[in-house]
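Thanks for coming. I will go through one model and keep to local geometry and contacts. The sequence and the structure are coming up now.

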Amino acid sequence: MHDIRAIRENPERFDAALARRGDAAISSDILTLDEARRGKISAAETAQAEQNKASKQVGAAKAAGDEAEFERLRALVGDKKAEVATMQAEAKELDAKLTDMLARIANIPAEDVPEGADEEDNVEVARWGELPTFDFAPKEHYEIAGVAASMDFETAAKTSGARFVMLKGAVARIHRALAQFMIDTHVDENALTEHQTPVLVRDDAMYGTDKLPKFGDESYQTTNGWWLIPTSEVTLTYSVAGDVLEESDLPRRMTAHTLCFRSEAGSAGRDTAGMLRQHQFEKVEMVSITHPDASDDEQKRMLRCAEDLLERLGIPYRTVILCTGDMGFGARRTYDIEAWLPGQNAYREISSVSTTGDFQARRMNARFKPADGGKPQFVHTLNGSGLAVGRCLIAVLENGQQADGSVKLPDVLAPYLAGKTTLSANGALV
């Protein structure tokens, strides 16, 4: 949500910032609506003052025995009361329209975000690890012999349709081990507080985290109105909605491992093979609630938390800063981490780490009290994948594949796999 006062003060700057995203100028429409709303509010206040004045005079006219004046004033009070009600209703309607308009406008990019139209204009900022070499043609994850029998798309399609998978046996255990490894690292070493959150939320939670009203078609809604979360960013971030935190409580760092649900609207034909793009998946999320002055450093910290997981797993990756045309709706700045997938001979996104500034905080009225006793200020919110569990599974399987169809697993997973370090060609942990 944008601050209407900032738009009033510098509409040209607001339009210029949106232009960096490729969005059309809209400040004129916003200010026209805002002026009409404020006009109705002013008119209602004037009519209310006239009503109050006439109300006081009614008694005096009655006491003076001036029946004509009494009736005139009583009629005036009735007229002004109706006028106030009409003006207030019109102001409320205009306010709702203005709020809806502002809620559909993307966040302003940070000044250091590179300009560009799409993912081709993203800028690489880091690269880690040597790409594995094979003396055979590397396969995609679902084609590896030791994986194929335990990654069951046919049964999932029978129960649920396309873009679902049923993991079984050793592959299901490796998937679970990855999630446990991520959560343990975040809690034990990265000082994040673990949460177990609902996966069903109300409209307010989706709205407050900028998923509504514009992107409702990208999520699933139940028949009784709940939404299935696209990520626990929604539940973790919205946990501070309406709160006024103490400055000493910041930063608040949280993590959760949850199921996530996305309709994948608009992605027909993309990544239909394998489990890269699913309607239901698991993710370990990181969310930080920070002081505005600390949010940029916090984003770098969160980015390192995610990168470190891949380094411990031995997965080569590159980190890119998204250009203005490729950033998500609510982000001021986003870094994507892309893991190397030998089967695709490409880097693919495995984590996005974003700062939204006060964009979400304004929508959900999340503030903090400065330690010096000043006026409450909006917090900054940040979110990042730490990591997408299914995509991490893909990266582990493809990078560790062997010529005989087995998979060499990362050593850091051994404690979660009863000391086993290999997925055999027949699908067993050994």
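Where is the place of P213? P213 sits in the loop between α8 (203-208) and β6 (220-221). For these labels, helices (H or I, at least four residues) and strands (E, at least two) are DSSP runs, numbered from the N terminus.

Before I go on, the ground rules. This is a predicted model, in which local features need pLDDT of at least 70 and side-chain atom pairs count only at pLDDT 80 or more, while totals for chains, interfaces and linings use all residues. Residues are numbered from 1 along each chain as its sequence is written, and side-chain values use heavy atoms, with hydrogens and water left out.

Back to P213. The peptide bond that leads from L212 to P213 is cis, and its omega is near 5°. A cis peptide bond also joins L250 and P251, with omega at about 0°. P251 is in the loop between β8 (244-246) and β9.

Next, the backbone angles. D210 is found in the loop between α8 and β6, and it has a positive phi of about 60° although it is not a glycine. Is D210 buried or exposed? D210 has a relative accessible area of 7%, so it counts as buried; the cut-offs are under 20% for buried, over 50% for exposed and partly exposed in between, with a 1.4 Å probe and protein chains only.

A418 also has a positive phi in a residue other than glycine, near 55°. A418 belongs to the loop between β17 (407-408) and β18 (422-423). A418 counts as exposed because its relative accessible area is 57%.

Now helix packing. Two packed helices are described by the angle between their axes and the distance between the axes. Helix α7 (residues 169-188) packs with helix α12 (residues 389-399) at about 115°, and the axes are 9 Å apart. Axes are lines fitted to C-alpha atoms, for helices over the stretch in contact, and angles run from 0 to 180 degrees between N-to-C directions. Which residues make the contact? From α7 they are V171, I174, H175, L178, A179 and M182, and from α12 they are V389, G390, C392, L393 and V396. Contact means heavy atoms within 4.5 Å. By type, the residues of this contact are nine nonpolar, two polar and no charged. In that count Ala, Val, Leu, Ile, Met, Phe, Trp, Tyr, Cys and Pro are nonpolar, Asp, Glu, Lys and Arg are charged, and the others, Gly among them, are polar.

On cysteines: how many disulfides does the structure hold? The number is zero, where a disulfide is a pair of cysteine sulfur atoms within 2.5 Å. For C305, the nearest cysteine sulfur is that of C392, 15 Å away. C305 is buried because its relative accessibility is 6%. C323 is buried as well, at 0%.

T255 is placed in strand β9 (residues 252-261) and is buried, with a relative accessible area of 0%. A polar atom of the T255 side chain lies 2.8 Å from the backbone oxygen of E285. Neighbours within four places in sequence aside, the residues in contact with T255 include I183, H186 and V187. S295 is in helix α10 (residues 295-313) and is buried, at 2%. Not counting residues up to four places away in sequence, S295 touches T290, T355, H380 and L382.

Last, two loop residues. N365, in the loop between α11 (359-364) and β14 (367-369), is partly exposed at 34%. With neighbours within four places in sequence left aside, N365 is in contact with A241, G242, D243 and F378. D135, in the loop between β1 (123-128) and α5 (145-148), is exposed at 73%. D135 and T381 are 246 residues apart in sequence and 46 Å apart in space, C-alpha to C-alpha.

Definitions and conventions
Polar contact = N/O pair within 3.5 Å; in protein donor to acceptor, adjacent residues only side chain to side chain.
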